[in-house]
Amino acid sequence: MIDTHMHADSRSGEDFRQMYLAGINTAITCSYYPYRIEHEMILLNHLNRILELDTARAEEHGLDLKVALGIHPTNTNINPEIIFESLYKWIDAKQIVAIGEIGLEDMSENEIEIFKKQLDIAQETKSKVIVHTPRKNKKEVLKEIIEIIPQHLDETQAVIDHINPDVIEESINTDCMLGLTVQPQKMEKEDAIAILDEYGFDRFLLNSDISNKPSDPLSVPKTVRELERLGYPRKEIDKVSFKNAEDFFDLNTI
């Protein structure tokens, strides 16, 4: 199994071990700094910590941790140039599988400008992006995201994350992959399964988005097991369990 969106920097080794024992071979950790950043070097140090320390911590517990790095919308009150320069280096060295998570939160001018620039970098470097959608004003912000993406990036290079039943209609007609976050206070596994049942399994990725907020590191295997219990075809379950993620992020997993 692959958990396609988590935040390893805020989780323990015990969580990594639980995930591995539950059948998660690979996870993708994304950048997000939950506190106010006063200087871009703080963010750069945080991103390097994810790349170097958290991957090593996960490996100690059997979890193959892939990395997505970028400027999260809540971290856009900085001078972004050094992060942009670093993205080119990480992409060129094949150290990251995507730029992410990026996106919009409050739709400030700074957020929108930095979001567009990171999409431009992805288009230039043929990289994938993981796009955040917020808890508040989700439909309004998602509408802006859906309008911006095709102006800067081929939609097939993007996954729009944290899609739920309230906004599935707004996003299903794009060419983006769609991330289903099964997490306390976001979406229950039954809601994710209802979306898959109605719209099919081809366009979706599963993730836990475990972070410093209420989280369940086993939400992906719990959802997969529930799909098995309900009798969904193995071929379809495999798509959201690992195959869609392998194909989209070009992962080499066991």
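Lys128 lies over the face of Phe248, at 4.5 Å from the ring centre, where a charge is taken to sit over a ring if NZ of Lys or CZ of Arg is within 6 Å of the ring centre and within 35 degrees of the ring normal. The model is predicted, and local features need pLDDT of at least 70, side-chain atom pairs count only at pLDDT 80 or more, while totals for chains, interfaces and linings use all residues. Residues are numbered from 1 along each chain as its sequence is written, and side-chain values use heavy atoms, with hydrogens and water left out.

Rings of Phe, Tyr and Trp (its six-membered ring) are paired if their centres lie within 6.5 Å, with planes under 30 degrees apart called stacked, over 60 edge-to-face and the rest tilted; by this rule the count comes to 2 aromatic pairs. Phe201 and Tyr232 form a tilted pair, at 5.8 Å centre to centre and with 55° between the planes. Phe201 lies in the loop between helix H7 (189-199) and strand S8 (204-207), and Tyr232 in the loop between helix H8 (219-229) and helix H9 (234-249), so the pair ties together parts that are 31 residues apart in sequence. Helices (H or I, at least four residues) and strands (E, at least two) are DSSP runs, numbered from the N terminus. Phe201 counts as buried at 5% relative accessibility, buried meaning under 20% relative accessible area, exposed over 50%, and partly exposed in between (1.4 Å probe, protein chains only). Phe248 and Phe249 form an edge-to-face pair, at 4.8 Å centre to centre and 90° between the planes; Phe248 is buried at 6% relative accessibility, and Phe249 is buried with a relative accessible area of 5%.

Helix H7 has the buried residues Ala192, Ile193, Ile195 and Leu196. Seen down the axis of H7, these fall within an arc of 155° (that of the directions from the helix axis to the C-beta atoms), so they line one face of the helix. They pack against helix H6 (168-171), strand S7 (177-181), S8, H8 and H9, contact meaning heavy atoms within 4.5 Å. The face of H7 turned away from its buried side carries the exposed residues Asp197 and Glu198, and just after H7, Gly200 takes a positive phi of about 85°.

S7 and S8 also belong to an open sheet of 8 strands, with the order S1-S2-S3-S4-S5-S6-S7-S8 and parallel pairing, where two strands pair if DSSP finds at least two bridges between them. Its edge strands are S1 (2-6) and S8, each pairing on one side only. S1 and strand S2 (residues 26-30) pair in the parallel sense over 3 bridges, and Ile2 stands opposite Thr26 in S2.
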